[in-house]
Amino acid sequence: MSHVFSGLAFVAFLMVLVSAISLWFGWAAAILWGWFMVPIFGATVLSTVQCWAIVLTISMFRPRLNLTKSDPSEFWSATGGIIIAPPISVALGWAIKNWFM
């Protein structure tokens with residue numbers, strides 16, 4: 001019975017982790033959308049939740065990392081990219097918005 005509980009706890013943990021990561025990307029997308037798409041193209045302002053839904057939709061069509069055929073070090077590289085990509089994108093967008101526009 002403890003194996004079933006630990007398996008369910010692991011699945012719940014993965015669901016929370018994937019939700020948090022996709023929300024992290026949704027936050028960055030909402031910021032960048034508001035900074036660039038709204039003033040340049042007159043697009044509608046999107047909330048973080050709307051951008052979160054867009055990120056989830058787009059992620060369904062993106063290729064996945066296949067750990068069975070690749071080097072395990074690629075996993076850590078991909079994980080680092082997932083964690084730092086949103087704040088780096090927002091920081092770069094901030095610099096473009098404030099220095100070049």
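This is a predicted model: local features need pLDDT of at least 70, side-chain atom pairs count only at pLDDT 80 or more; totals for chains, interfaces and linings use all residues.
## A tryptophan on the surface

Trp-99 is exposed, with a relative accessibility of 60%. Residues are numbered from 1 along each chain as its sequence is written, and side-chain values use heavy atoms, without hydrogens or water.

## The chain as a whole

The chain holds 3 helices and 0 strands. Its order from the N terminus is α-α-α. Helices (H or I, at least four residues) and strands (E, at least two) are DSSP runs, numbered from the N terminus.

How much of the chain is buried? Of its 101 residues, 13% are buried. The chain exposes about 7800 Å², and carbon and sulfur atoms supply 77% of that area. Areas come from the Shrake-Rupley method with a 1.4 Å probe; for residues, only the protein chains shown count as cover.

Now look at contacts (heavy atoms within 4.5 Å). Take those with a separation of 6 or more: 65% of them join residues 24 or more positions apart.

## Two aromatic pairs

The whole structure has 2 aromatic pairs. In one, Trp-24 and Trp-27 are stacked, with 5.6 Å between centres and 15° between planes. Rings of Phe, Tyr and Trp (its six-membered ring) pair if their centres lie within 6.5 Å; planes under 30 degrees apart are stacked, over 60 edge-to-face, and the rest tilted.

Where do these two residues sit? Trp-24 and Trp-27 are 3 residues apart in helix α1 (residues 2-41), so about one helical turn separates them. Trp-24 is partly exposed at 35%. Trp-27 is partly exposed too, at 33%.

Trp-94 and Trp-99 also pair up: their ring centres are 5.8 Å apart and their planes stand at 70°, so this pair is edge-to-face. Trp-94 is partly exposed, at 42% relative accessibility.

## A nonpolar patch

Eight names make up one nonpolar surface patch: Ile-40, Phe-41, Leu-92, Trp-94, Ile-96, Trp-99, Phe-100 and Met-101, covering about 990 Å². Helices α1 and α3 (72-99) are the elements that each give two or more residues to this patch. Which element gives the largest share? Helix α3 does, with 4 residues.

Patch members have over 30% relative accessible area and no salt bridge; like charges are joined within 9 Å, nonpolar side chains (Val, Leu, Ile, Met, Phe, Trp, Tyr) within 5 Å. A salt bridge is a side-chain nitrogen of Lys or Arg within 4 Å of a carboxyl oxygen of Asp or Glu.

Phe-41 belongs to helix α1.

Asn-98 lies in helix α3. Its relative accessible area is 36%, so Asn-98 is partly exposed. Asn-98 and Trp-35 are 63 residues apart along the chain, yet their C-alpha atoms are separated by 10.0 Å.

Is Ser-22 buried or exposed? Ser-22 is buried, at 8% relative accessible area. This serine has its place in helix α1. What does Ser-22 contact, leaving aside its neighbours within four places in sequence? Its partners are Trp-52, Val-55 and Leu-56.

Key
Buried means under 20% relative accessible area, exposed over 50%, partly exposed in between (1.4 Å probe, protein chains only).
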